[in-house]
Every structure is written in C-alpha cells, then in structure tokens.
Amino acid sequence: ERASHDDMRRTLLVDLADAQRDAGRLGDVIETLEPLMPELIDTWSAEAPDREAAGRLTRAALLLGSAHTLRPPVTLASHERSQGHLELAVEVAEVTLEEFPEDTLLRFRFARGLINLGNVVAVTGGHADGRELLERGLDAALDLREDFPDVIAYAIDEGTARSALGSIMALTGDLDAGLEMLREGQVVLEGLVGGTSVQRDAVELLASNHLQETILLWRLANDVDGALAALEPAVEMH
C-alpha cells in the first residue's frame, strides 16, 4: 500500500511538471523534477525493468531535457544537463523495450529521446554523433508512423527529425541532400497545419524549418532569391 501511494505521488509530480511545461513555466519544471529524479531512478532497475517505473522516469527525463535547452539563458552547461537527462531517457526506454517491445508509449519516448538528444549533441559540436542519433530517431519515428499513421505526435517527430537531420547534412558538406531532407520534413509538417486542425507545435516546427532553409540557402549556397522565398512562409508561420 505504501509503494502504491508513493507511485501515485511520483506520477502526480510528473503530471504537474507536464502542466508547467505546457504553461511555459520551464523553471518550475526543473524545480519540480530535479529533486524527484534520484527517487525515480531508484524505482527502475535494468535487471528487472518495470513498465510503469520506466514510463514515469522517461517522461520526467524528457521534460527535463527540453526544459534545460529552452529555459534562457541557454548555455553549454544547460545543454550538458539536458544531454544527461536525454541519454537516461533513451537508455531506460531501450532496455525496457527489450522486455516489452510492443509498449507504444516507450517506443514513442525512445524515438523522441533520440531526436532531442541528436539535436543537443549536434548543437554542442558533435555533428557526426548528432547525425547518427537523429537517423536512429527518424527510423524509430517512421516505425511508429507505419503502425499508427494517424497519430499527430508521431508525424511531428518525423518532421522534426527530418528537419534537424537535413540541417546537419547541409552544414557538414552535403548541401543538396540536406536541403532535400529538410524539404521532406516540410511536407510532413505542412500536412498537419492545413484546414482547421492547426497544431501549434507543427506550426512552430514548420516555421523553424523554413527559417533553417533560409539560412542554408543564404549562407551556404549564396542563393539570396531562394533564401527570401523560404523566409516568406517562415514569417507567415511565426
């Protein structure tokens, strides 16, 4: 009974942090979850992975990973803290999925963890490692898309992964293939913002995708006209 009560308390604290994230209170997310992380880690074991404990831990680690990279001022230290949490999320999801390969929620967190981790690693200068993580994240997201083609969150992850991967490919010398990958991400995200079913996350990601295309065309291809054409939808999305 005591264990059940503690599990409920932990779950409610992670729920609270999720709501704080949605409200834009990133500092509160960190204050809520950082003290809880040792407890969440203690309740999960790689030798006998528990799905519920893994669910709480991966959710909290992903929330902290995002909060540390988004809360200003963003520094190298905040990226390092984010990286540690995201590495934990990926590890816990991957190990638990070996026991429960059909757990859709853990598959989703594994994919998103890889994508977010790849972004963080790439930003801190590890382009090759970031690219490998993003490629793995894209594969995991595509597997979910194949099984659940109508789930918006999985489509957002595919669009995010393609956008980030395309940028890294372009910045590391493969401009044409990078732009192609970036534009494939645009197609995925554009499919989510049409009509009346506008998704805020998809709009923000699509704007960032067009802005990244603008920068690549301007700085790497010296294509001012193309850059201006890409900038127009970026401004409209914002």
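Visitor: Which residues lie nearest the centre of the largest pocket?
Guide: Ser66, Leu70, Asn116, Thr160 and Leu205, out of 48 lining residues. A pocket is an open set of 1 Å grid points where a 1.4 Å probe fits, with protein on both sides within 12 Å along at least five of seven lines; lining means an atom within 4 Å of a point. This is a predicted model: local features need pLDDT of at least 70, side-chain atom pairs 80 or more, while totals use all residues. Numbering starts from 1 along each chain, and side-chain values use heavy atoms, without hydrogens or water.

Visitor: Which helices supply that lining?
Guide: Helix 1 (2-22) and helices 4 to 10, among them helix 8 (152-171) and helix 10 (200-219). Each supplies at least two lining residues. Helices are DSSP runs of at least four residues.

Visitor: What does Phe110 contact?
Guide: Beyond neighbours within four places in sequence, Val90, Ala93, Glu94, Leu97, Arg136 and Ala140 (contact: heavy atoms within 4.5 Å).

Visitor: Which side chain makes a polar contact with Ser163?
Guide: Asn209, at 2.6 Å (N or O atoms within 3.5 Å). Leaving aside neighbours within four places, Ser163 also contacts Leu182, Gly185 and Leu189.

Notes
Polar contact = N/O pair within 3.5 Å; in protein donor to acceptor, adjacent residues only side chain to side chain.
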